[in-house]
Amino acid sequence: MLRIKDLVVKVEDKEILKGVNLEVNAGEVHAIMGPNGSGKSTLANVIAGKEGYEIVSGEIYFKDINLLELPPEERARLGIFMAFQYPVEIPGISNATLLKTAINEIRKARGEEELDAMEFLSLMREKIKLLEMSEEMLSRSVNTGFSGGEKKRNEIFQMLMIEPKLAVLDETDSGLDIDALKIVANGVNLLRKDMNDRAIIVVTHYQRLLNYIVPDFVHVLYDGRIVKSGSKELALELEAKGYDWIKSEDKITV
Amino acid sequence: MAGLVITKNKIEVSDWYLKNFEILEEHNNGSIPDFVKSLRKDSIQKLIDVGFPTQKVEDWKYTNVLPIVEKNFKISNLTESWKDKSVVTKAKELIDKDLILADLSSNQIVFIDGHFVEELTRVQNIDEIKILNLKKAFHQNSEKVFEYFNKYNQIENGFNALNNIFFNDGVFILIKDNLVEDEPIVVIYIQSDKEEQLINPRNLFLIGKNSKVRIIESYLSLDGAKSFTNTISEIFVAENSFLEHYKLQNESLNGFHIGKIQTHLERNSNFTSHNLSFGSAIGRNDINIILDGEGAEAHMYGLYFVKDKQHIDNHTLVDHAKPHCLSNEFYKGILAENSRGVFNGKIIVRKGAQKTNAYQSNKNLLLSGNAKIDTKPQLEIFADDVRCTHGATVGQVDDDSLFYLRARGIDEKNARTLLVNAFANDVLSNMTFEPLRDKISDFVIKQMSDIIQKN
């Protein structure tokens with residue numbers, strides 16, 4: 001579903017990703033772990049299509065479509081969704097307006113009929129309950145005045161509304177207390193119920209979230225490269241030994 | 001066009017206006033009240049004395065009026081375009097189809113090129129509300145008109161004098177005491193595309209005690225109009241009354257607009273001004289408010305959205321003459337392409353006007369690297385127990401917000417439009433007349449789409 005090959009990315013002349021290789025198939029949940037500054041968020045942003053990154057070399061293919069040639073909105077319409085590490089506050093645009101516009105643009109691009117106001121409202125009501133958020137939030141401005149936890153829950157709410165093919169969760173666990181973490185993980189696991197044509201990438205610093213969203217594969221990103229890949233046990237090992245373990249092994253692993 | 005004489009602070013008035021004044025004197029002989037005749041005589045002398053402002057005059061520092069004053073506009077008092085059947089038909093179509101004005105109210109009074117047009121006007125005059133054209137009000141010898149006309153209006157520049165000298169007609173609205181009316185009174189000035197005219201609307205709105213009303217003043221023009229609208233509205237709000245006033249300027253980008261609103265507020269009255277500027281090549285608004293009774297409140301909201309080479313200048317002046325008053329100002333500007341904006345908010349707190357609260361904020365969004373805004377607060381405070389805040393910002397569409405929306409599948413153009421509309425709605429949300437608020441919001445979306453299409 002997603003194939004990243006030898007990806008080298010610079011930000012302001014500094015090489016952040018130094019040759020990343022990753023293959024994610026439909027049905028799989030991958031976790032990408034790594035210390036701060038290893039390039040995790042850069043990888044997520046580059047998949048979503050954020051500007052400001054210089055792609056030096058390498059490729060990203062989604063279902064045989066070259067993603068690097070597409071603007072972010074077209075990637076989203078193909079089914080790629082990034083849950084932001086720092087969701088933006090947008091005063092003056094309601095959550096409902098954002099979602100209605102987004103979903104209808106995605107549907108239009110796929111040649112599907114737009115949802116009418118009633119269908120849309122009932123869909124929103126159904127999904128927002130799953131995240132234990134109040135309906136009143138729908139008419140509030142996007143993330144405006146939301147707590148850190150509310151913002152993250154809102155990201156997952158949007159994800160459930162949009163039902164992406166490939167969900168990239170960028171540090172969705174940061175800033176969440178344990179209750180909020182469980183709610184968010186539940187939301188992700190709902191998406192996981194139907195993985196027929198779907199994959200999930202969980203980007204995280206800590207193993208904590210992976211207790212609730214159990215990955216099929218774990219990769220360790222360190223200094224711009226994936227230096228270790230393994231099963232879910234790798235996450236536990238990392239948690240026990242810390243990233244210093246990777247650092248000391250770094251030279252021999254690559 | 002004869003060369004104008006320009007000194008440091010003054011552009012001398014051209015012979016053109018002096019000559020037209022003489023023609024008008026003969027033309028009008030006998031048909032206007034004596035006090036107007038003497039106002040005109042005084043004002044022509046004043047015009048000769050003060051001329052028009054150069055950019056050396058502080059209040060006009062960023063606005064060059066030379067393109068306006070160097071032109072010899074036809075004085076609209078002497079033109080007959082308003083009688084032209086095709087012009088009237090086009091004006092009617094314009095109102096009926098206008099994105100903002102169509103179906104707004106059952107009360108509308110219409111002028112074409114400054115002349116009252118009865119066939120497009122539909123007002124219900126009841127005992128509590130009088131809506132007349134000014135000429136008729138003069139004719140009826142209304143005591144109130146004589147008492148309040150030009151009462152607080154001072155000639156601050158040549159344009160004010162020009163209006164005193166050449167105003168032809170306008171609207172007189174008299175609201176009696178104890179009247180609450182939701183339905184707004186809509187005043188519509190349409191400038192035609194016939195000849196290049198100077199049009200001087202002159203309005204007088206008197207709101208009695210304990211009343212609550214809405215007045216919408218709107219200025220628009222037929223395609224291609226190249227006129228110069230120079231308007232003065234005088235407003236009086238008596239004790240315990242609420243007036244929500246909307247000024248909507250959406251004239252042709254080939255025309256000019258200079259407008260002054262002189263407002264006088266009595267005890268515990270509440271004046272809310274919504275000043276919306278979208279049109280004209282050069283536009284200037286002066287909104288002067290005197291808080292002249294304890295407990296009076298002035299709320300000033302403004303939105304300007306300009307493009308092309310438009311220049312829009314908003315000057316407001318709030319004079320806290322009495323204690324325990326509140327003024328709150330919130331202006332937002334969207335500037336596209338090569339447009340330029342000026343905001344100047346002056347607050348005076350007089351000696352003895354204790355417990356004054358005065359707030360001011362001006363926020364601007366530049367949609368292009370060539371757009372520019374000059375924004376300035378001006379505070380003159382002579383009392384010591386005063387709470388006064390002000391702030392201004394200038395920025396661009398936020399890249400992170402734009403990416404966020406695009407990452408959700410929203411087209412870049414639509415995302416930009418949504419963000420610009422959100423910026424505008426922040427100030428439009430203060431409008432209590434919802435049909436107008438929604439229409440202005442739609443207008444902002446349309447304006448934004450047009451700009452994106454073009455660029």
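Predicted model: local features only at pLDDT ≥ 70, side-chain atom pairs only at ≥ 80, totals over all residues.

Residues are numbered from 1 along each chain as its sequence is written, while chains are lettered from A and ligands numbered from 1 in the order in which they are written.

**Stop 1: two helices in chain A**

Select residues 95-109 and 148-162 of chain A, which are helix 3 and helix 5; helices here are DSSP runs of H or I with at least four residues, strands are runs of E with at least two, and both are numbered from the N terminus. The pair packs at an angle of about 35°, with axes 10 Å apart (axes are lines fitted to C-alpha atoms, for helices over the stretch in contact, and angles run from 0 to 180 degrees between N-to-C directions). Now show side chains: helix 3 of chain A brings Asn95(A), Leu99(A), Ala102(A), Ile103(A) and Ile106(A), and helix 5 of chain A answers with Asn154(A), Gln158(A), Met161(A) and Ile162(A). Contact means C-beta atoms, placed from the backbone, within 7 Å.

**Stop 2: helix 7 of chain A**

Go to residues 233-241 of chain A and pick out Leu234(A), Ala235(A) and Leu238(A), which are buried. Buried means that 20 or more other C-beta atoms lie within 10 Å of the residue's own, exposed means 12 or fewer, and partly exposed is in between, with C-beta atoms placed from the backbone. Why do they sit on the same side of helix 7 of chain A? Because they cover an arc of only 100° around the axis (taken from the directions from the helix axis to the C-beta atoms). They pack against strand 3 (29-33), strand 11 (217-222) and strand 12 (225-230) of chain A. Turn to the other side of the helix for Glu233(A) and Ala240(A), both exposed.

**Stop 3: strand 11 of chain B**

Select residues 212-221 of chain B: nine of the 10 are buried. Look for Val187(B) opposite Glu217(B). Strand 13 (residues 242-250) of chain B also pairs with strand 11 of chain B in the parallel sense, over nine bridges, and there Arg214(B) stands opposite Glu244(B).

**Last stop: where the chains meet**

Show both chains: 20 residues of chain A are in contact with 17 residues of chain B. Helix 3 of chain A gives the largest share of chain A's side, five residues.

Terms used: Contact = placed C-beta atoms within 7 Å. Pairing = 2+ DSSP bridges.
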